[in-house]
Structure formats: C-alpha cells, structure tokens
Amino acid sequence: MSEPSANRPTVHLFTDGACSGNPGPGGWAYLLRHPSTAREREDSGGERATTNNRMELTAVIRGLEALTRGSVVELYSDSQYVLNGLSKWMAGWKKKGWKTASKQPVKNKELWVRLDQLMRDHDLRFHWVEGHAGHPENERCDELAVAARDAASRGEFD
C-alpha cells in the first residue's frame, strides 16, 4: 500500500512537447521543482519521427520516472490532451480494454499504459497553463523541447 499523501513530498512537474510536422521531428522537456528545498531538475530529449501528442506524453512520463519516491505531484501542462486523458478519459479507456467511446483503439496506448503504471506511485494533481503566454516554467520547458526537436531534426537522437 502506498503511503498517504500527507506523508509524501510535494513536487511541481512542468512539461511540454514540440513537433515540426505531425509526424515529424519532436522534442519533450520537463522541469521538476521540489518547493520545500528549491531544488530543480530539468531534462529533455527528442525523436526523429513522432507527433506532438507523443512528445507531450513522453515529457510527463520522463518527469515522473525521475522521481525516486512516491510524491504528491502538481502537474502543470499546456496540453489538454494529456490533462484530460489523465484526469477524465483514462479510466474509461481501461474499462473498455483501451478503446475510446467510439470503440476505436486508444492512440499512443503504450504511453498511456506507462502513465497508468506511474500514477499508481504518485498522487497527481492537474493544472492547465496557457502555452506561449509568459508562464516562466512553461516557457523554459518549451525552450528545451524546441531545442530537442531541432536536435532530433539534425539526427542527434535515434
């Protein structure tokens, strides 16, 4: 059994994805902040042929994977796809065998399954932020994701 939220550290996870073309080269980025210690960690990466939605999902996955213990995670994203998927749609998809309401297979299923696994270890709280609107952490993640996308377009990621 996981520990109660009151006994878990709180972290802020900011994420973003970027893609040129859909599909095309893409990048993901996250910034993790531990408010009690003011420590931060950021990371980014990319793929040569991907979609924006895959990069948005990958950013959240990589951020959650970077945590070393169960945490209360305040997740900040400009992706309605990610936030709605996690907070509203995923439970129904699972009940329907990873099918949508229209009985179609869920796109990016393997990423959603991985997020489902990671959510068992953490208490996620969801926050939408408007992209490209001056939110400092979202702007930083966008900067990192765009740089990773550009590196992917040059073939720097496999």
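In which kind of crossing does α1 pass α3? The crossing is left-handed, a label used when the near helix is turned anticlockwise from the far one by less than a right angle. The model is predicted, so local features need pLDDT of at least 70, side-chain atom pairs count only at pLDDT 80 or more, and totals for chains, interfaces and linings use all residues. Residues are numbered from 1 along each chain as its sequence is written, and side-chain values use heavy atoms, with hydrogens and water left out. Helices (H or I, at least four residues) and strands (E, at least two) are DSSP runs, numbered from the N terminus.

**Helix α1 against α3**

- Helix α1 (residues 52-65) packs on helix α3 (residues 109-119) at an angle of about 25°, and the axes are 10 Å apart. Axes are lines fitted to C-alpha atoms, for helices over the stretch in contact, and angles run from 0 to 180 degrees between N-to-C directions.
- That angle makes α1 roughly parallel to α3 (under 35 degrees).
- On the α1 side, the contact (heavy atoms within 4.5 Å) includes Arg 54, Leu 57 and Ile 61. Among their partners in α3 are Glu 110, Trp 112 and Leu 115.
- By class, this contact has eight nonpolar, one polar and four charged residues. Ala, Val, Leu, Ile, Met, Phe, Trp, Tyr, Cys and Pro count as nonpolar, Asp, Glu, Lys and Arg as charged, and the others, Gly among them, as polar.

**Helix α2 against α3**

- Helix α2 (residues 80-95) meets α3 at about 90°, with axes 11 Å apart.
- The two helices are therefore roughly perpendicular (65 to 115 degrees).
- Tyr 81, Leu 86 and Trp 93 are among the α2 residues in this contact. The α3 residues are Trp 112, Leu 115, Asp 116 and Met 119.
- Eight nonpolar, one polar and two charged residues make up the contact of α2 with α3.

**Largest pocket**

- The largest pocket holds about 270 Å³ of space. A pocket is an open set of points on a 1 Å grid over the protein atoms alone, where a 1.4 Å probe fits, with protein on both sides within 12 Å along at least five of seven lines.
- Of its 15 lining residues, Val 11, His 34, Arg 39, Leu 67 and Thr 68 are the closest to the centre. Lining residues have an atom within 4 Å of a point.
- β1 (10-19), β2 (24-34) and β3 (39-50) each give two or more residues to the lining. The largest share, three residues, comes from β3.
- The lining divides into five nonpolar, six polar and four charged residues.

- Most residues other than glycine have a negative phi, and most peptide bonds are trans.
- The bond from Asn 22 to Pro 23 is cis, with omega near 15°. Pro 23 sits in the loop between β1 and β2.
- Asn 108 has a positive phi of about 65°. Its place is the loop between α2 and α3.
- Arg 48 lies in strand β3. Its C-alpha atom is 8.0 Å from that of Arg 149, 101 residues apart along the chain.

Terms used:
Angles under 35 degrees count as roughly parallel, over 145 as roughly antiparallel, 65 to 115 as roughly perpendicular and the rest as oblique. Grid points are joined across faces, edges and corners, and a volume is the space filled by probe spheres set on the points.
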